[in-house]
Amino acid sequence: MSEYVLSGCSTADLTKEHFDRRNISYICFHYELDGEQYMDDLGQSMNFKDFYQAMRDGADTKTYQINADEFCEYFEPMLAAGKDVIHVCLSSGITGVVNSALIAQEIMQEKYPDRKLYIVDSLAASSGFGLLLETLADMRDEGKSIDELYEFAEAHKRELNHWFFTSDLTFFIKGGRVSKTAGFVGQVMNICPLLNVDLEGRLIPRQKVRTKRKVMLEMVKKMEELAKDGTDYSGKCYMSHSDCYEDAKAIADMIEERFPKLNGKVLINDIGTTIGSHTGPGTVALFFWGAERVN
């Protein structure tokens, strides 16, 4: 058993079974659906299909990040048990949750000065965040120290590529990420914007692609261009989707055909309720290790 705890947030969009199997601890964000509050607990309180259908039916959503007190309550039992902790946060380019974790870190280190508590800003989101945690879990299981995990995460987190598209601009318009005029034109012209995550962990629109089929092909092309070793890429590949599994599976099939050295099958996860509150249904995301991102 490891002498330290590897930890993340529910926004890594892995299943509860995956977190448990890989011995990764996690703390949950919160969300609100039509005024009722829930834990973003990996689909335990509300299954994802019901959540996304509620959004399609016009439900209002809000999200709440984890506060410093919650982090203190979460970290303290681990530290009190004599464990060191490395906790990886959702990108600071999306949320300020890392600041809450850093406040908790300061409080906890004063109380437990002999323990290590590392906080990593992942600069990642959804199952890209999950892929970073998975890589760190592999390193831990190989016998790497908590310091080696922290150094690797800080040195390489910008090499984790995120590419995604949406086939439904409704919720990007609603959230102000796309103007009403641009959204209307995009919907009329059947545009599916292709976005990625930049060096600072922000979501950036990159291309306007007409038709879902073309944007799916463009996403695979990006992986061919940017993955470590190109089509000889031998790492793991993750995907996530917001109630559009067939779209994600179609891309996964293309990737498995074009990347014969892939480490296992493409793992397809659900986009959880925190990220999904902002994307809405119809979003597909692809994650792999490759060239360092650009702004």
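This tour visits a β-sheet and then a pair of packed helices in a predicted model.

**The sheet**

Begin by selecting residues 30-33, which form strand β3.

Next, keep β3 and β5 on display. These strands run antiparallel and are joined by four bridges. Which residue of β5 stands opposite glutamate 32? Selecting lysine 62 shows the residue in that position. As background, strands of a sheet pair through backbone hydrogen bonds.

**The helix pair**

Now move to residues 126-141, helix α5, and residues 146-156, helix α6. The axes of α5 and α6 lie 10 Å apart, and the helices pack at an angle of about 150°. Because angles over 145 degrees count as roughly antiparallel, α5 is classed as roughly antiparallel to α6. The crossing of the two helices is right-handed.

To display the contact, select Thr135, Leu136, Met139 and Arg140 on α5, then Glu148, Leu149, Phe152 and Ala153 on α6. Colouring this selection by residue class gives five nonpolar, one polar and two charged residues.

Terms used
Residues are numbered from 1 along each chain as its sequence is written. This is a predicted model: local features need pLDDT of at least 70, side-chain atom pairs count only at pLDDT 80 or more; totals for chains, interfaces and linings use all residues. Side-chain values use heavy atoms; hydrogens and water are left out. Two strands pair if DSSP finds at least two bridges between them. Axes are lines fitted to C-alpha atoms, for helices over the stretch in contact, and angles run from 0 to 180 degrees between N-to-C directions. Angles under 35 degrees count as roughly parallel, over 145 as roughly antiparallel, 65 to 115 as roughly perpendicular and the rest as oblique. A crossing is left-handed if the near helix is turned anticlockwise from the far one by less than a right angle, and right-handed if clockwise. Contact means heavy atoms within 4.5 Å. Ala, Val, Leu, Ile, Met, Phe, Trp, Tyr, Cys and Pro count as nonpolar, Asp, Glu, Lys and Arg as charged, and the others, Gly among them, as polar.
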